[in-house]
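Me: Hi! Could you walk me through this one? I'm new to it.
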Amino acid sequence: MRKVLISAIYFLSIGAIAQTKEETKTWELLLNNKRTEARNFYDKNLKDKKFSGFESLFLDALIDEEMGEMIFDETFLKNFVNLREDESLLYPIFKRSFALSDNENSSMDDNTYKKVDFLAQDPIYGQNISVLEYKATLDRVRNNPKSADEYLAKIKRIDKWQFAGVFENLNGSGLYNEYEPEIHANNDKLFNANSFGNVGWYNRKFPSNDAFEFFMNESEYGRGIMYAQSFIENPAERKILFEVDTNTEFRLFLNDIEVLSSTSDGYSNLGAHMVEVNLPKGMNRLLLKFDMKESKNAFMVLPFDTNFQKISDLKYFDTYQDYQKSSAAQLQAKELPLKFERLLKEKVAQNPNSFFYKYLLAAGYLNNYQNDQAKEIIDELLKTYPKASLLQGLLSTYYTNLDDKEKINEVFKNIELNDAEYFLVPVLKMTNSDGFQDMSIQDLEKNRDILLKTKAKALGGFFDMMIALRNRDMDKAKMHIANLKKGFANNEKFFVVFTALEDMDKKDQSSTIKKFEELYAQKNSPDVMSGLYSLYQKSNRVEDQKKILKKYMEMFPSVNSFRAQYLDLLDDNVQNPEYGTELENALGNYPYSYSLLATKAEYLAKQNKKAEAVKFAKLSLSHNTENEAMHKLVRDIDNTQDEISLVAVKDLYKIASERKNKAPKGKKGVTTLLDEYIVNVYPEGGFKKRSTYLYEITSEKGIEEMKEYYVNYYDDVIKSEIVKPNGSIVPGEKSDDQIVFTNLAVGDVIVIQKESLERNGGRFYKDFNLSSYFNSEYPVVESIFTVITPESMNYQVKSNNKEVPSTKKKIGDKLFQTWKLTDLPEVNLDEYFDRASMMQQFL
């Protein structure tokens with residue numbers, strides 16, 4: 001699971017230490033991309049002082065990292081701990097390779113485990129929230145769930161949550177649109193989520209086994225609004241700090257009063273925020289409202305006292321409790337900067353010429369997604385050092401946070417232009433798979449040689465491997481792969497890549513699988529598990545796939561995607577009681593999952609439990625009207641016709657036979673024998689459309705006109721046929737966006753029938769606006785437009801250019817209104833588009 005390492009890390013005030021001339025000179029060399037000179041100068045003037053302060057220690061490690069060193073053991077962290085600096089200084093350097101690395105992107109290696117284990121046993125740094133969360137994760141990976149749970153408990157986060165959602169985001173304004181969960185905390189009713197149906201408060205059946213609560217299950221709805229509430233019993237009134245760690249926009253309410261949001265002082269930050277409040281004695285309701293955008297969105301809430309110490313005497317509830325209402329004056333909410341920000345701002349003020357503190361502050365801001373504040377510092381520093389690759393690295397992180405790929409590429413081009421010998425230049429080319437594959441041998445050698453001059457020379461093996469493969473020298477390629485595999489401290493992501501490359505010339509994957517299995521036996525590395533699962537899948541080893549999915553379900557029991565994959569593997573045997581058990585477990589995590597409700601409907605149908613199957617199919621459709629399989633299941637089990645089929649023309653071939661050779665001929669060689677358009681509006685919002693056309697080819701021009709017929713990508717083509725004069729049928733050839741009719745001849749009739757579903761969103765999700773054109777550029781024998789609605793639904797009708805009479809009839813609880821015109825002449829669209837001969841019907 002990708003970790004959202006944005007936990008609370010704090011800075012305490014420490015005495016200002018003036019930057020020495022030697023440190024200043026070292027920074028100058030580094031910022032002018034003179035890394036070798038910086039190394040030599042440091043070793044000559046600062047090496048003996050390396051352990052005297054944090055800046056000297058940091059500089060030493062940073063120079064090595066900038067020179068291309070990628071493998072760092074726990075030495076830096078041991079020296080950092082010996083300095084007894086405040087633990088919160090970890091935050092801005094957390095993702096550096098010499099600290100704990102950015103393991104979301106670089107994966108874990110042997111040193112990762114050593115570093116985390118070392119910090120976790122320290123009495124001071126072992127209390128750091130990120131270290132505790134990281135330690136819990138790695139212990140779970142190493143098959144020690146008991147220890148993992150113990151470290152999670154040490155975090156003292158709020159771990160009792162009840163959820164409601166997903167609600168429509170209303171084109172991005174949903175965060176400030178009040179939905180009923182904000183004012184109704186009890187789980188005794190369902191709330192209107194607009195086109196997402198009706199949802200209520202729910203509790204997840206299983207814990208997340210993580211410090212964070214993720215929205216992976218709920219993200220099937222796409223972007224939307226999620227609520228989470230916890231009830232907090234406080235033994236005595238007091239000032240308290242709540243830190244909200246998240247990676248999406250949010251609003252925080254205490255006793256129905258907003259006390260914090262991700263937007264303040266003109267900045268919108270997706271990372272951690274802190275607020276000080278006066279927490280009343282007794283029962284309190286804490287409510288979070290999130291703009292959920294993707295599955296990795298998550299949150300954690302940490303309570304502290306005013307000395308930033310963890311609180312142990314609060315009691316949490318994830319079911320409704322009678323709670324008190326408060327006023328803003330009573331709560332006295334005040335947002336506070338995170339401790340790293342407060343401290344480093346003080347250090348910058350005390351040392352305005354220090355690059356070090358400004359760099360740390362910018363790095364901390366970027367780690368916390370305070371992107372605007374980071375950019376202000378980066379821009380200021382770039383004015384003095386516009387070509388510094390170190391600063392360009394910060395800039396690329398800024399654009400990565402914004403997911404601006406174009407700007408990221410621009411930064412990388414600038415680095416290559418201004419610092420061609422920088423180790424990242426060939427590394428970035430290597431990560432561009434297309435460019436790397438197409439690189440000439442001369443360019444491969446050139447980039448390898450750049451790496452050989454740096455501390456990243458081990459990566460030169462990638463280029464040597466590619467050169468050997470180009471030269472068809474498999475033995476040499478495998479030698480380089482073996483060396484690469486040894487050179488990165490058993491990095492788990494690299495293990496997956498290198499092991500696959502080792503056996504790339506083998507058709508039999510058994511030896512590759514064995515290597516994966518040997519590492520998997522030692523630890524539950526997500527990279528290794530994913531790679532092994534793929535190998536099992538390719539080898540059709542279904543039972544082994546199931547074992548891996550079961551391990552995932554054990555490690556992350558609240559994540560439904562693993563259960564869904566597991567159910568897919570059981571699908572051929574739904575009589576297996578395990579299928580029903582795991583399906584209920586998944587619904588226990590998220591009872592409003594339209595995909596799981598649909599799965600349950602299919603499951604019940606296969607067990608011949610028809611009434612229950614229809615019930616869950618309709619429930620699924622109430623959340624997602626677009627699932628035509630569920631519409632069909634309801635029709636089939638209820639033994640009712642599709643409502644569109646009740647009024648649609650029945651025998652298309654008979655009509656084609658009766659009308660061809662009798663209708664007027666147009667200039668384009670095509671006559672429309674039938675144009676039927678039927679729309680079925682669903683009571684829950686959205687509608688289904690069916691269009692049916694019969695085209696007669698009356699001349700050679702018609703062949704050219706109709707040989708390629710374009711369709712929308714979202715249309716489901718039901719029929720695409722040529723009916724020959726002798727009655728034989730030739731199917732059309734359908735691609736993504738067109739139907740090709742080959743061997744078309746004069747006298748043929750083309751039959752086209754297509755359907756599509758539309759689901760509306762926003763506050764007007766039940767509204768619909770439809771139009772039907774009766775005339776066309778071909779003569780039309782008959783044009784029909786039918787709208788099917790619930791009997792109680794009212795709508796307005798407007799005819800353009802001519803009133804079209806309609807007929808109405810009621811079938812069941814639906815009203816069918818039909819407009820029909822016959823024998824319509826062709827229209828020259830170029831000349832008469834806006835004239836009376838073109839008639840349009842609006843609904």
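Me: Which residue is the bridge partner of Phe-214 in strand 14?
Reply: That partner is Ala-298. Strands here are DSSP runs of E with at least two residues, numbered from the N terminus. This is a predicted model, where local features need pLDDT of at least 70, side-chain atom pairs count only at pLDDT 80 or more, and totals for chains, interfaces and linings use all residues. Residues are numbered from 1 along each chain as its sequence is written, and side-chain values use heavy atoms, leaving out hydrogens and water.

Me: How many bridges join strand 5 to strand 14?
Reply: Two, and these strands run antiparallel. Strands count as paired if DSSP finds at least two bridges between them.

Me: What sheet are they in, and what's the strand order?
Reply: An open sheet of five strands, ordered 5-14-7-12-16, with antiparallel pairing. Strand 5 (213–214) and strand 16 (334–336) each have a single partner strand, so one side of each has no neighbour in the sheet.

Me: New topic: how many aromatic pairs are there?
Reply: The count is 56. Rings of Phe, Tyr and Trp (its six-membered ring) pair if their centres lie within 6.5 Å; planes under 30 degrees apart are stacked, over 60 edge-to-face, and the rest tilted. One of the pairs is Phe-163 with Phe-299, edge-to-face at 6.5 Å centre to centre and 65° between the planes.

Me: Where do Phe-163 and Phe-299 lie?
Reply: Phe-163 is in strand 1 (residues 162–167) and Phe-299 in strand 14 (residues 298–304), so their pair ties together parts 136 residues apart in sequence.

Me: Are Phe-163 and Phe-299 buried or exposed?
Reply: Both are buried. Buried means under 20% relative accessible area, exposed over 50%, and partly exposed in between (1.4 Å probe, protein chains only).

Me: What lies over the face of Phe-163?
Reply: Arg-204 does, at 3.9 Å from the ring centre. The rule is that NZ of Lys or CZ of Arg is within 6 Å of the ring centre and within 35 degrees of the ring normal. Likewise, Lys-78 lies over the face of Phe-118, at 5.9 Å from the ring centre.

Me: Okay, and where is Gly-747?
Reply: Gly-747 lies in the loop between strand 23 (738–740) and strand 24 (749–758). Its relative accessibility is 17%, so Gly-747 counts as buried.

Me: Which residues is Gly-747 in contact with, leaving aside neighbours within four places in sequence?
Reply: Lys-660, Ile-697 and Pro-725. Contact means heavy atoms within 4.5 Å.

Notes:
Helix = DSSP H or I, 4+ residues; strand = E, 2+ residues; numbered from the N terminus.
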